Amino acid sequence: MTSLGQITIFGISAWNWLSWLWLSYGVVLAVWIVLQKRSPVSTLAWIMVLMLLPLLGLAVYAYFGPQRIRRARLKRWLSKAALLSDRELDALRQDRPDPPIWAVQHARLIEQSCGLPMSSCWDVELLASGGATLDALLAAIGAAREHLHLEYYIFDIDTTGHAILKALTAKAAQGVRVRLLVDAVGSPRMAGRQGRRELAAFSAAGGEFAVFHPARFDRFRPLVNLRTHRKIVVCDGKVGFLGGINVTDDENERVRPDSAYRDTHLRLSGGAVRWLQYLFLQDWSYANGGEPAAGAMLPEQVAAGTQPVQIVASGPDNDGEAIHRAMIDAIGLARERIWLATPYFVPTEPALAALTNAALRGVQVKLMVPERSDSRVVSAAARSYFAEMQKAGVLVFEYQGRMFHAKTLLVDQQYGMVGSANFDSRSFRLNFEVAAVVLGRSFNEQLARMFDRDLSACRLVPAKRRLRFDQKLFEAGARLFSPLL
């Protein structure tokens, strides 16, 4: 049998030809990726993947890489441009209270990054479990008279999902305008037999259903970008919900008392809810292809609330990285404490520097992550950062027993953030995310008490962990691919 090395073309070995082709391929792709002007770490990671997997890597990059993000960005921008008139936007901005002096520049940064100004609420309720969130949701759905809008990454057809879908179907039958938007990758069961059967009843009652970014590769969740990771509910434009809790038994302790995720959600009432409505209508218009009657669903006259609240939105359709910037800036404002809770901790270099800088200047920095998440690779990548953070003075805690899924940031005595975004590159740059910044001592104290309760279920990670060589190698390798996680 003739080996590849024995074959010659124009007197040159086939191995030499392949080597030159591989080198030329690498140079061309490297130049192409560098010209995309992404972050240096992400650029190097993509070049490495493409060089190690020449053909497969090229296909993956073509479908999931920055070019794909830019194509989606143009389509989404067009849906935004058609959504509201200047008059409607001016009316939406009527509730625009002045933030405290110390937060003026922070509020401006958020507005410049995502276009959403400071607003206010009459009431902000912290919901500390899936069961409490389900009760609040069902009560708000039952009280709706005009419309209900829901957007979820995960909407399962299980006990929890069935309860909400049944309530939505009943409201649609009463003539309430009900719209449900789910992510294709996060909610694959909606396309199954039971999902189609329940959606048929929902549609027959007058409910509307849409899927965000339908994908052919739904089962390969970690590989698909451009997902809506948002959890938004808006009832009559006046009551809204956001946070980390999806519609699934996995997060309902009444269905799974021993294993349900520990998570956090918010219920808002007041002017800030209109910005959640604005985001939902953008996402619905983009996913559904239609233009909703936005003005009729954004109440023009809303009494100013006593609680300053600013909605923060980010996604790959916008280069502002608003949640990423807001978190880094808030960390920079800290003088006393930073308490960060996240299920996935794979920080960008600026975010890591912000946390360690705060600890080095004497701020108390506490990081809470799950001991075991639903991704071994992400957990390993997170642990690869522990040593350098602990060296700077950061206290790292691992939540024991069950999956910890809360996404909260508490700074000093008057700043709190709750949302859907994890502290990682995927949430900061690839997913569509939403969060609420709440200013004020009362909410901050509630968030601090919740954090303290969670600490009782944690263990403090020792500064010197004893690891086998294979564990060290796995963590280091996972960190190497952290820009792609």
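These legends describe close-up views of a predicted model.

**View 1. An open seven-stranded sheet with mixed pairing.** The strand order is β4-β10-β9-β8-β5-β6-β7. Strands β4 (123–127) and β7 (208–212) stand at the edges. Each has a single partner strand, so one side of each lacks a neighbour in the sheet. From one strand to the next, the twist averages 10°.

**View 2. The β6 and β7 pairing.** Strand β6 covers residues 177–183 and pairs with β7 in the parallel sense. Five bridges join the two strands. D183 stands opposite F212 of β7. R177, R179 and E208 are linked in a network of salt bridges.

**View 3. Helix α16 across β4 and β10.** Helix α16 spans residues 441–455. The helix lies across β4 and β10 (265–269). Its direction is at about 0° to β4.

**View 4. The surroundings of R337.** R337 lies in strand β12, residues 337–341. With a relative accessible area of 13%, R337 falls under the 20% limit and is therefore buried. Leaving aside neighbours within four places in sequence, R337 is in contact with V363, Q364, L410, V411, D412, Q413, N444 and A448. Two of these contacts are detailed here. The R337 side chain reaches the backbone oxygen of D412 at 2.9 Å. It also makes a polar contact with the side chain of N444, at 2.7 Å.

View 5. The model has a count of twelve salt bridges. One of them joins R254 to D135, with the closest N and O atoms 2.7 Å apart. This pair links distant parts of the chain, 119 residues apart. R254 sits in the loop between β9 (239–243) and β10, and D135 in helix α7 (residues 130–143). D135 is partly exposed, at 39% relative accessible area. R256 forms a salt bridge with D250, the closest N and O atoms being 2.1 Å apart. R256 is partly exposed at 34% relative accessibility. D250 is also partly exposed, at 29%.

**View 6. The E398 and R459 salt bridge.** The two side chains meet at 3.1 Å, N to O. E398 lies in strand β15 (residues 395–399) and R459 in strand β20 (residues 458–460), so the bridge ties together parts 61 residues apart in sequence. E398 is buried, with a relative accessible area of 2%. R459 is partly exposed, at 34%.

Conventions. Residues numbered from 1 in each chain as written. Predicted model: local features only at pLDDT ≥ 70, side-chain atom pairs only at ≥ 80, totals over all residues. Heavy atoms only, no water. Pairing = 2+ DSSP bridges. Helix = DSSP H or I, 4+ residues; strand = E, 2+ residues; numbered from the N terminus. Axes fitted to C-alpha atoms, helices over the stretch in contact; angles between N-to-C directions. Contact = heavy atoms within 4.5 Å. Buried < 20%, exposed > 50% of the residue type's maximum accessible area, 1.4 Å probe, protein only. Polar contact = N/O pair within 3.5 Å; in protein donor to acceptor, adjacent residues only side chain to side chain. Salt bridge = Lys/Arg side-chain N within 4 Å of Asp/Glu carboxyl O.
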